[in-house]
Amino acid sequence: MNLRQKSINGIFWTLGERLSVQAVQLLVQIILARLLEPAQFGLIGMLAIFTAVAQSIMDSGFGSALIQKKGADQTDASSIFFVNLILGIILTLLLSLAAPSIAKFYLQPDLTPITRALSLTLIINAFSLVQTSLLAKKMDFKTQMKISLLAVIISGVIGILMAYRGFGVWSLVAQMVSKSLFQAIFLWLFNDWRPTAVFSISSLKSMFSFGSKLLVSGLINTFFQNIYQTFIGKVYSPIDLGFYSKAKSFETAAVQVTGSSLGKVLFPSMIHLQEDIGGLKKAYRKTIRLSLFLHFPLMIGLCAVADPLFRFLLTDKWAPSIPYFQLLSIAGMLNPLHVLNLNILKVKGRSDLFLRLEIIKRATIILSIVLTYRHGIIAMLYGQIITSIIAYLLNSYYSGNLINYSQREQIKDIYPAFGSAIFMGLIMYVVGLIPMQSLLLQIAFQASAGILVYYLVSIMASTTEIKEIKSIIVDTLNHIRMR
């Protein structure tokens, strides 16, 4: 199978994984949101930064290093596995010991046992990292899709049953822990790799030179991805954080369908083009145009339909989440560009530049929070939009220099999709003003109008991405039939 077919196959299965997993997760979240209260989601949101940072430390950048290293062998994989397992045990103990202090920080005594329960995911996830990295290196995204979907379904059923029986916030805890547990179990069942009794310091050192910078970058990124939840949880109430967390979870689900899926496929697939500047530029240019052709209308369409969508799915109880979701969706429009530009740095082995950019971008987030937090959560979200734009300008400048793909060229490539999506969003907004008997009918009319308008505008503009999407679908279906 050639690189193009591997990438197409990878994107197909990764998108399949994201769509199916996100669909199940969305269904689970809708049911849980109807059964539980916003404050209970807020309690879990308060702990996001602690578990996420601990997970980044446990990874230590070795996952990406294992994918990036040419000729990685059993010694490399086994050494990483044992390091992760040791780190997982240590971090679980540290987080358990810190639980009372975390509860005191938020003035929420219930967080002590919750923190200790969630810390178990760190040990469990130690069994998953190498398995997941090896599957990604082989570009076996089909197996990853099966594993993720099974884990999400089983953990979702557990969470819903516990919520129905009145376990409250503990239903969310059980869902998260069981998801990690079943994902680890299925990775070992579906993947034939097993660690052996080998451990090499020199092997770890060779990969840590690349992974260490990604570790620091990952820690910074993880911390700042969750800093808003931490800050809102401390300054405002659990209910306020619950509304924000729900809006963020919906926005993240939409973003992951395109941005994260592409990044997951592109990093291992583009390693083969490390030295081919022209090939890298051509591949990334096409990918940027294609991803944003799908991503822009998705995010703008969700903004336009947010009000009836939230009220229909979650009931009026969650109405305060609507403006948060709309602003987060605007900020998330640039996510694929962040992913793709940063992947260029990783493919070219410039983890030093990756780290430097992360530090600069996070400084802008701190400044944004300092300037906006006194004015409420809405003001903080406007700050997120501004910092997202600044982050794109920084990422695209430095990554563009590495493959001779300037910011001007990038903006020129993304402008058609952006303009078409904005026009589509305006039409959807106008359609939404028409009085209708039911929320579901309003959602259906708005979505249908948006899809039709975007398609017609793209056809009239002779957009090449439509042909590319058709070509990818045909190639993928032919590949599936041949198998």
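Q: How many helices and how many strands are there in the protein chain?
A: This is a predicted model in which local features need pLDDT of at least 70 and side-chain atom pairs count only at pLDDT 80 or more, while totals for chains, interfaces and linings use all residues. Residues are numbered from 1 along each chain as its sequence is written, and side-chain values use heavy atoms, with hydrogens and water left out. Helices (H or I, at least four residues) and strands (E, at least two) are DSSP runs, numbered from the N terminus. On that basis, the protein chain has 21 helices and zero strands.

Q: What percentage of the 483 residues in the protein chain is buried?
A: Buried means under 20% relative accessible area, exposed means over 50%, and partly exposed lies in between (1.4 Å probe, protein chains only). In the protein chain of 483 residues, the buried share is 54%.

Q: Which residues does Asn395 touch, not counting residues up to four places away in sequence?
A: Asn395 belongs to helix 18 (residues 377-403). Asn395 counts as buried because its relative accessibility is 1%. With contact meaning heavy atoms within 4.5 Å, and residues up to four places away in sequence not counted, Asn395 touches His338, Asn341, Leu342, Leu357, Lys361 and Gly400.

Q: Which residues are linked with Arg285 in a network of salt bridges?
A: A salt bridge is a side-chain nitrogen of Lys or Arg within 4 Å of a carboxyl oxygen of Asp or Glu. Arg285 meets Glu409 at 3.8 Å, N to O, and Asp413 with its closest N and O atoms 2.7 Å apart. Asp413 also meets Arg289 in a salt bridge of 3.4 Å, N to O. The network therefore links Arg285 with Arg289, Glu409 and Asp413.

Q: How many residues apart in sequence are the parts that the pair of Arg285 and Glu409 ties together?
A: The side chains of Arg285 and Glu409 meet in a salt bridge. Arg285 lies in helix 14 (residues 277-314) and Glu409 in helix 19 (residues 407-432), so the parts tied together are 124 residues apart in sequence.

Q: Is Asp413 buried or exposed?
A: The salt-bridge partners of Asp413 include Arg289, which is partly exposed with a relative accessible area of 24%. Arg285, another partner, is partly exposed at 30%. Asp413 has a relative accessibility of 7%, so Asp413 counts as buried.

Q: Where do the buried residues of helix 20 lie around its axis?
A: In helix 20, the buried residues are Gln442, Ile443, Gln446, Ala449, Gly450, Val453, Tyr454, Val457 and Ser458. They cover an arc of only 150° (taken from the directions from the helix axis to the C-beta atoms), so they lie on the same side of helix 20.

Q: How far apart are the end C-alpha atoms of helix 20?
A: The expected span of a helix is 1.5 Å times one less than its number of residues. Helix 20 (residues 439-460) has 22 residues and should therefore span 32 Å. The end C-alpha atoms agree with this, being apart by 32 Å.

Q: Which helix gives the most to the nonpolar patch?
A: Patches are made of residues with over 30% relative accessible area and no salt bridge, with like charges joined within 9 Å and nonpolar side chains (Val, Leu, Ile, Met, Phe, Trp, Tyr) within 5 Å. Leu150, Leu181, Ile185, Leu189 and Phe190 make a nonpolar surface patch of about 440 Å², with accessible areas from the Shrake-Rupley method with a 1.4 Å probe and, for residues, only the protein chains shown counted as cover. The leading contributor, with four residues, is helix 10 (residues 169-190).
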